[in-house]
Amino acid sequence: MTNPSILLCSDLDRTLLPNGAAPESAEARPRLRTLAARPELMLAYVSGRHQALLRQAIADYAIPNPDYAIGDVGTTLYEIHGDHWRPWREWAEHIAPDWSGADHGDLAALFADLDLLRLQEPEKQNTFKLSYYAPSGLVRDELLAEMRSRLAAKDVRASLIWSVDEAADIGLLDVLPASATKLHAMEFLMARRGFDATRTVFAGDSGNDLPVVTSGRLRAVLVRNAHSEVVSEASRSLRVLGLERRLYVARGGFHHMNGNYSAGVLEGLAHFLPETEAWMR
Ligand SMILES: [Mg+2]
């Protein structure tokens, strides 16, 4: 049996999934499926989605079943065999020390009296992810400072990630172990499965992909529909590190496709690792 020699990691929404405003080339996903069937390729999805929404995306958009999935913004890592998604326990053990023995329930109790915060639905929570809704216009410095001081008193190393769901006009606040990032989860996967920076390609499209893209720890692709500010920020950061060759921005034209979504991922993969082009036919 051939062992995989290349690790392709990709964001889903608006990177592999054509769920943005830009058009998709009809050939893009069929070629992606052809590529993913090759034994030389290991495929991992990296997303903010939780398991049920990851599975739904795979079914709805007919994208290939991956070998691994990093979900919930880096707090979960699954090894996938057919329909069976096995949480990689070692990853949980790797991030657990950040919370010094505390789990989701302990931290929820710690913040129970903060009435600006409302717990998100149960499927958006897990052992190492505590997620709240908050008013979108919240002046949050004081609240976050209070939360940080309570966490510090319990010796918990956590990141507090604030974002706004503009469509729903609501604030989102995630409390995560400090080391549970998408980048760190990918580095864990690379180390455990023996892929170095030259054999690993990551593809993304937006600001939350920047920490991975600009890390310089792997080869990165931005699809053609990526935001222009993301492209300039990524180019600038990697130039500062002298690692601009670790970035490829899809421009279209590869096999007559437009470079958006999966087409851009394929174009970038073939740019870095030309032997993969034959696997897409
Ligand atoms: Mg995205």
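The model is predicted. Its C-alpha trace extends over about 60 × 40 × 40 Å along the principal axes. The secondary structure of the protein consists of nine helices and 12 strands.

The domain assignment divides the protein into domain 1 (6-75 + 180-280) and domain 2 (97-177). Taken over C-alpha atoms, the centres of domain 1 and domain 2 are 29 Å apart. Contact between the domains involves six residues of domain 1 and eight residues of domain 2. On the domain 1 side, the touching residues are three nonpolar, two polar and one charged.

Two packed helices are described by the angle between their axes and the distance between the axes. Helix H1 (residues 28-36) packs with helix H9 (residues 261-272) at an angle of about 45°, and their axes are 8 Å apart.

| Helix | Residues in the contact |
|---|---|
| H1 | Ala 28, Arg 29, Arg 31, Leu 32, Leu 35 |
| H9 | Tyr 261, Ser 262, Ala 263, Leu 266 |

By class, the residues of the contact of H1 with H9 are six nonpolar, one polar and two charged.

Methods
Residues are numbered from 1 along each chain as its sequence is written. This is a predicted model: local features need pLDDT of at least 70, side-chain atom pairs count only at pLDDT 80 or more; totals for chains, interfaces and linings use all residues. Domain bounds come from an automatic or database domain assignment. Two residues are in contact if their C-beta atoms, placed from the backbone, lie within 7 Å. Ala, Val, Leu, Ile, Met, Phe, Trp, Tyr, Cys and Pro count as nonpolar, Asp, Glu, Lys and Arg as charged, and the others, Gly among them, as polar. Axes are lines fitted to C-alpha atoms, for helices over the stretch in contact, and angles run from 0 to 180 degrees between N-to-C directions. Helices (H or I, at least four residues) and strands (E, at least two) are DSSP runs, numbered from the N terminus.
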